[in-house]
Amino acid sequence: MMTRTDLLEQAPAYCLPGSGERALCAVSGGLDSMCLLHMLNAWCAERGGQVVAAHFNHCLRGEAADRDESFVRETCKTWGIPLTVGRGEVRDFAKQEGLSVEEAARTLRYAFLTKAAEAEGCSLVCTAHHADDNAETVLLNLIRGTGLKGLGGMERRRGILCRPLLDVTRAELREYATAWSVPHMEDETNADPDAASRNFLRIQVMPLLRELNPKTAEHINRAAAWAREADHYLDEQARRTFVGLGTGPGWVSFPWEDLRLAPQPLRPRLLLLLLDQLGIGRKDFGAVHLDAIFSLQNECSIDLPGGVTARRERGRLFLTRWKALPGIAALEWGVPLTWGGYRLTLLDRREGEGLSLRLPSPEERGRLTVAPAPPGARLTLPGARGSRSVKRLCLDQGIGLEERDRLPAVYADGRLAAVWRLGVDTEFLPEGGPCRFIQIQKKTEENDHEK
């Protein structure tokens, strides 16, 4: 019979708590996390440390979510393990931040785990991601389109976040749970192939791949580990090559010949390092943007996401940030608002071009604001099957990156209600109830001086 720490011993030492350390274990109540909690409890006890359980209730599954929280509380009490619990209204947060439910849940969960670890004096946050989870992640990345980093799947450790079970299969965890009578709850959504792409892979695809080779998950994980090693090596080589940098307020530059002569695997990484230096972040930059930069002719420029312009001149590549994007501004009744390149006026009647919105109550009119819409913000438009991101909607309509970042988005009490040129979310369509009209004019020299 396997001991309580056999499976943990497959993990590298840097993914496990050392002597006398406290570790936080993320616990959902499912089989994987309950097994990890059971193992870590024994591991820490043998080394004079302590495991602390952390459960986050996403408030997405009603009574079932409360049931799981109660189960974790009772089990931790029985096992004598300290527990910290957090709760978050994920759907409200998703609407407020323009995120998918999955993204919002992950953001709130990891924010809670980070704060809990600090409050409990824990040096590590351990999650129960295992070999099958990682294999599914690699396949999802491959299907969606990815580079070497995506093929590497999950990192074993990022900051204080650790995944000590990344070499352990789901089958091994089931065997452990049976051997040690580890109690757990089943999330009914895990058995629904329509619940998420990952569930479809887990239920429909992975069993077929295992018919071809029972070691499918293990082999995908081995290939992912090699991809991670190669990715880390190339990142290090790019940093060593990163010389000749020029900087100034709102711009960075790099010798064009150094970019051109760099080995192909290093060239995109050098550009990403330039973006880091510019302080713009990498999220909205994909292969198509990096390829466009490398295709620049001398004395030519292109616009990029986040208000960045790339220009090749004087033997160097220059990346320049445009002036800051407009911020958040309140719409006041009948008072024209100059925002970015637009002039917006809140009216009680339709007058010219603009957006008609239905609001929950007349009092809401004072809570309308205009701000940029993040690319990941989502709208559900009439006739659409579900929500789509602002980024995707702009691509469909041929709206360029620079214009996309400066489209006025209207928020009603903090919720995204509409984006100019894209449309009004179905929740705010002017169909009954109090409506408001926002006149929107492209700012010109003539109307900019109107009183």
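A contact here means heavy atoms within 4.5 Å. With that in hand, welcome to this predicted model: among contacts between residues at least 6 apart in sequence, 68% join residues at least 24 apart. The chain holds 15 helices and 22 strands, and buried residues account for 44% of its 451 residues.

**Overall dimensions, surface and charge**

- Taken along the principal axes, the C-alpha atoms fill a box of roughly 85 × 60 × 45 Å.
- The chain exposes about 22,700 Å², with carbon and sulfur atoms supplying 51% of that area.
- On the charge side, there are 59 positive and 61 negative side chains, and the centres of these two sets lie 3 Å apart.

**Nonpolar cores**

- The largest nonpolar core has 37 residues, and the members touching the most others are Leu344, Leu357, Leu368, Val419, Leu422 and Ile438.
- Strands that give two or more residues to this core include strand 13 (337-339), strand 14 (342-347), strand 15 (354-358) and strand 16 (368-371).
- Strand 19 (409-412), strand 20 (415-419) and strand 22 (435-442) also give two or more residues each, as does helix 13 (390-396).
- Another core, of 34 residues, lies apart from the largest one, and its members include Leu8, Cys35, Val51 and Leu165.

**Cysteines**

- The number of disulfides in the model is zero, with a pair of sulfur atoms within 2.5 Å as the criterion.
- Cys25 is in no disulfide, and its nearest cysteine sulfur, that of Cys126, is 6.5 Å away.
- Cys25 is buried because its relative accessible area is 0%.

**Positive phi in loops**

- Most residues other than glycine have a negative phi, and two residues in this chain are worth a look with that in mind.
- Cys59 has a phi near 55°, a positive value in a residue other than glycine.
- Cys59 sits in the loop between strand 2 (50-57) and helix 2 (63-79), and its relative accessible area of 21% makes Cys59 partly exposed.
- Glu299 also has a positive phi, near 65°.
- The loop that holds Glu299 runs between helix 12 (287-294) and strand 9 (300-304), and at 44% relative accessibility Glu299 counts as partly exposed.

**Arg163, a buried charged residue**

- Arg163 lies in the loop between strand 6 (161-162) and helix 7 (170-179).
- Is Arg163 buried or exposed? Its relative accessible area is 9%, so Arg163 is buried.
- Beyond its neighbours up to four places away in sequence, Arg163 touches Tyr110, Thr127, His129, Met154, Glu155, Arg156 and Arg158.
- Among these partners is Thr127, which is 36 residues from Arg163 along the chain, with the two C-alpha atoms separated by 5.4 Å.

**Two helical glutamates**

- Glu211 belongs to helix 8 (residues 197-212), and Glu218 to helix 9 (residues 216-241).
- Glu211 is exposed because its relative accessible area is 66%, over the 50% cut-off.
- Glu218, with a relative accessible area of 26%, is partly exposed.
- Glu211 and Asp258 are 47 residues apart along the chain, and their C-alpha atoms are separated by 49 Å.
- Glu218 and Val168 are 50 residues apart along the chain, with 8.7 Å between their C-alpha atoms.

- Ser389 is found in strand 18 (residues 388-389).
- At 16% relative accessibility, under the 20% cut-off, Ser389 counts as buried.
- Leaving aside neighbours within four places in sequence, Ser389 is in contact with Pro375, Gly376, Ala377 and Arg378.
- Lys149 and Ser389 are 240 residues apart along the chain, and their C-alpha atoms are separated by 24 Å.

Methods
Residues are numbered from 1 along each chain as its sequence is written. This is a predicted model: local features need pLDDT of at least 70, side-chain atom pairs count only at pLDDT 80 or more; totals for chains, interfaces and linings use all residues. Side-chain values use heavy atoms; hydrogens and water are left out. Helices (H or I, at least four residues) and strands (E, at least two) are DSSP runs, numbered from the N terminus. Buried means under 20% relative accessible area, exposed over 50%, partly exposed in between (1.4 Å probe, protein chains only). Accessible areas come from the Shrake-Rupley method with a 1.4 Å probe; for residues, only the protein chains shown count as cover. Lys and Arg count as positive and Asp and Glu as negative; His and the chain ends are not counted. The place of a charge is taken as NZ of Lys, CZ of Arg, CG of Asp or CD of Glu. A nonpolar core is a set of buried Ala, Val, Leu, Ile, Met, Phe, Trp, Tyr and Cys residues joined through side-chain atoms within 4.5 Å.
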